[in-house]
Amino acid sequence: MALENFCADLPLQDTVALRWLCNLLRLPSDVVGVSAGSVSAADVIALASARHALLGRAGWDVNASGLYGAPELTVVVSEDVRASIVDALLLLGLGRHRIVFVPTDHRGRMKTECLPQLDHLTIVCMHAGTPKTGDFDFAAEICRLARMAGAWVHVDGTLGLLALSHRGFDTLTHGFAEADSWTTDANRWLGVPHDSAIVLTRSASDLEAASPASHALRASGVEVSAALLNAGRDGIVKRIERSRRFARMLAERLSRVGYTIQSDVLLEYVLVSFGSDDTSRAVIDTLQTEFASWCDGIVWKGQLTMRVGVPAWVSTDADMELALQAIMQAAEMARWESSPSVLFHTLVGP
């Protein structure tokens with residue numbers, strides 16, 4: 001895709017990667033950003049920006065006066081929030097008693113009807129790609145309520161922020177551009193080397209106050225620019241489509257042979273149960289030790305479930321066939337171990 005299709009007539013300077021990224025995600029043109037060494041570091045910078053902004057509006061300079069005696073902030077998060085978000089909040093002096101955990105629905109999205117009363121001292125963290133299912137919170141409604149109250153909305157887009165670039169996801173991603181800050185993993189969809197993340201925000205002054213040692217997308221900006229230039233918007237969109245196609249194919253094939261798919265496949269995550277918790281744990285352990293398939297175990301709907309991630313930019317049809325075979329083999333091994341009679345009949349027949 002031609003360079004000008006990202007953003008016409010941009011000079012090649014430090015802001016190029018930022019402008020391309022905002023154009024790709026259809027975010028406001030005045031958004032600013034910094035690179036971070038990891039997603040965890042990006043969480044800290046984004047939430048520090050929110051803290052600085054809200055306390056500043058209340059007349060408190062947190063960089064000058066610290067938190068002792070400061071107005072109390074409330075942080076609203078999903079009950080399935082990533083651990084690094086909570087760690088970032090604790091690091092920033094926003095203790096557990098200031099965090100409100102909101103219940104999620106059957107797809108892992110925050111229930112907006114369960115949101116607490118928001119005000120001008122509230123930070124709301126929502127997900128573009130929920131940690132367990134990969135779904136998207138109700139961004140439009142959350143942002144509407146936050147705007148009315150003067151709250152700050154942060155988007156954890158580690159998994160799915162790049163889906164904002166795909167028109168086919170507009171129903172799911174509607175409203176995310178109305179947030180105040182966003183973070184994303186530069187490796188997952190762009191293919192930038194590991195330990196690279198991006199923080200975006202509407203407020204340059206609050207971002208600068210939160211990350212005085214950062215440089216505006218300079219350290220990894222060249223890599224981000226190269227990734228965007230190499231793939232183009234069409235290439236990013238194709239990666240997203242390929243990831244969803246592979247994930248749905250994997251879910252369909254596993255369902256066809258009798259395993260339970262626990263949630264709709266929206267992006268790259270497939271949640272599958274192999275029956276009992278012991279059997280699912282055995283499958284996960286086998287895959288993690290014997291094969292190259294990426295998976296882990298989560299508790300979903302009260303049951304141990306295997307979560308498989310399908311990173312499209314490194315996946316091919318052959319990769320998916322190998323992954324499927326590995327999962328099927330691990331499941332059969334788990335069945336043999338859990339039921340000796342299955343192994344006996346497999347070996348000697350009925």
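Reader: At roughly what angle do the axes of helix α2 and helix α4 cross?

Author: This is a predicted model, so let's read the angle off it. Helix α2 covers residues 39–57 and helix α4 covers residues 83–91. Their axes come within 9 Å, and they cross at roughly 50 degrees.

Reader: Which residues in α4 do S40, D43, V44 and L47 meet?

Author: Those four sit in α2, which passes α4 in a right-handed crossing. By class, the contact has 6 nonpolar, 2 polar and 1 charged residues. On the α4 side, the partners are S84, I85, A88, L89 and L91.

Reader: Are the rings of F136 and F169 stacked, edge-to-face or tilted?

Author: The structure holds 3 aromatic pairs, and F136 with F169 is one of them. F136 is in the loop between β4 and α5, while F169 is in the loop between β5 and α6, 33 residues apart. Their ring centres are 6.5 Å apart and their planes sit at 55 degrees. Stacked needs under 30 degrees and edge-to-face over 60, so this pair is tilted.

Reader: How many contacts beyond four places in sequence does the model have for residues 213–219?

Author: The chain averages a pLDDT of 86, with 87% of the residues scoring at least 70. Over residues 213–219, though, pLDDT stays under 50. For that stretch, the number of such contacts in the model is 18.

Notes: Residues numbered from 1 in each chain as written. Predicted model: local features only at pLDDT ≥ 70, side-chain atom pairs only at ≥ 80, totals over all residues. Heavy atoms only, no water. pLDDT = per-residue confidence, 0-100. Contact = heavy atoms within 4.5 Å. Axes fitted to C-alpha atoms, helices over the stretch in contact; angles between N-to-C directions. Helix = DSSP H or I, 4+ residues; strand = E, 2+ residues; numbered from the N terminus. Left-handed = near helix turned anticlockwise from the far one by under 90°. Nonpolar A, V, L, I, M, F, W, Y, C, P; charged D, E, K, R; others polar. Phe/Tyr/Trp six-rings, centres within 6.5 Å; stacked < 30°, edge-to-face > 60°.
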